[in-house]
Amino acid sequence: MSGSTRALTREAVWEALAEVPDPEIPVVSVVDLGLVHTVELDGQRLRVELLPTFVGCPALELIRGSVAERLAGMAPVVEVEMTFAVPWTSDRITGEGRRKLRESGFAPPGPAADGAGRPLFTTIGTRPTASCPWCGSADTTLENLFGPTLCRTVFWCNRCRQPFEQFKAI
Amino acid sequence: MSAQVLEAPVRGALTGLLLAMADDEFVLGYWDSEWTGIAPVLEEDVAFASLAQDEIGHAQALYQLLADLEGGDPDELAYGRAPEGYRHARLLDHPRTDWAFSVARRFLYDTADAARLDALAASAYQPLAGVVAKMRREEAYHLLHMHAWVERLATGGQEPRARLVAAMERLWPDALCVLDGIEGDELLAEAGVLAEPMAAIRTRWLAGLAPELARLGLPGPPAARAGACRGPGRSDDFRWLWEQFTMVRRSDPEAVW
């Protein structure tokens, strides 16, 4: 038998995770979106916990399956689970993730409201804002809070006169 | 706090609360989806479909919490009961009716639900606090959207305003039921599962809503509700909806998806 078996490292797991695209916005990976909560490596067992972006996101099982498929074989036992241990928020999207979103025509989200800090009721008067990912103008109008998927909001750029989508600040 | 340390009466009350919340979200989600394809404008088709998807997702997570607590299958809980077995508030027994009616119902429901979620944000029952933290971030968008519609209809001329006011007057007594009909809510408050009993949450909700209703000149709540809040008696409209949302499953209950 040739070839040496090297011990699996956490770095190798993170590199593999960085290759798993988001099914709805494939330019960004699950690592770019900050979906990976924990990576546990314990001898024979590799366990990864992922955070759901939206509770009702229909892609959750698809994402879990893609991650499990990519990690299969890296350890004798591979477990991939979803958890609500901490809420996923759009603040978890990495700088690299934001750059990739912008380059593919999605405005990255602004800072998420601190959900736990104040009554939900008081959020009623707030409105999301976004800069145009095409021309950079801040002169934009919110067209619809809801878009083609749960995580997207639709805007119109008054300067370059084009519609664009923003990844929701949540 | 995990399921193992809950005393039996607290556990029983928690089961009742989870079922009521899950059924509220589930049934509202299905009423919302009745607008798919026929909303007044394309944007609202998209918005109501998203709202429906959110609510049914929340219901799924809450049914899962119930299954973790009491055993059983979340899908069976969602689709396997007779109409009398559902515990949603009477507000959700009404059909979608016209646009103003759906807007009024959603606004009353979303604001009441916001008060309920605020009271669960720091719940001592960790699994519920985790799901609620996620739900609150999504519900902020629902509130924003429905508030914008209420304002648009209330200030949009004679007919939209008249329809909105009539819908609110009809719905108010049943809206009070969203924060009622939970057995053992005082026990839940003592155990720290809920921040305060339902009556106090209801007061907080109404106090938060009052200035906005006054600003827009919209009707406020009646002094009291009438009748049972969460079944078992159910409207013919809900029975029709139940026929719709259980149709596929009833056609082949053993099917594997």
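This is a predicted model: local features need pLDDT of at least 70, side-chain atom pairs count only at pLDDT 80 or more; totals for chains, interfaces and linings use all residues.
**Strands, domains and a partner chain**

Trainee: Which way does strand β4 of chain A pair with strand β7 of chain A, parallel or antiparallel?

Mentor: Strand β4 (residues 106–107) of chain A and strand β7 (residues 162–167) of chain A pair in the parallel sense, over 2 bridges. Two strands pair if DSSP finds at least two bridges between them. Strands here are DSSP runs of E, at least two residues long, and helices are runs of H or I, at least four long, both numbered from the N terminus.

Trainee: Thanks! Back to β7(A): which residue of β7(A) does A:Phe106 stand opposite?

Mentor: A:Glu165.

Trainee: And how many bridges join β6 of chain A to β7(A)?

Mentor: There are 6, and β6 (residues 152–157) runs antiparallel to β7(A). Across that pairing, A:Thr153 stands opposite A:Gln166. The hairpin of β6(A) and β7(A) has 4 residues between the strands, and there A:Arg161 takes a positive phi near 50 degrees.

Trainee: Zooming out, what's the order of elements in chain A?

Mentor: Along the sequence the pattern is α-β-β-α-β-α-β-β-β-β, with 3 helices and 7 strands.

Trainee: How is chain A divided into domains?

Mentor: Domain 1 covers 10–82 and domain 2 covers 103–167; these bounds come from an automatic or database domain assignment. Their C-alpha centres lie 27 Å apart. The contact between them takes 7 residues from domain 1 of chain A and 5 residues from domain 2 of chain A. Two residues are in contact if their C-beta atoms, placed from the backbone, lie within 7 Å.

Trainee: How much of chain A is buried?

Mentor: Buried residues make up 34% of its 170 residues. Buried takes 20 or more other C-beta atoms within 10 Å of the residue's own, again placed from the backbone.

Trainee: Last one: how many residues of chain A are in contact with chain B?

Mentor: 22 residues of chain A are in contact with 33 residues of chain B. The chain A side has 15 nonpolar, 7 polar and no charged residues. Nonpolar means Ala, Val, Leu, Ile, Met, Phe, Trp, Tyr, Cys and Pro, charged means Asp, Glu, Lys and Arg, and the others, Gly among them, count as polar.

Note on methods. Residues are numbered from 1 along each chain as its sequence is written. Chains are lettered from A and ligands numbered from 1 in the order in which they are written. A residue is buried if 20 or more other C-beta atoms lie within 10 Å of its own, exposed if 12 or fewer, and partly exposed in between; C-beta atoms are placed from the backbone.
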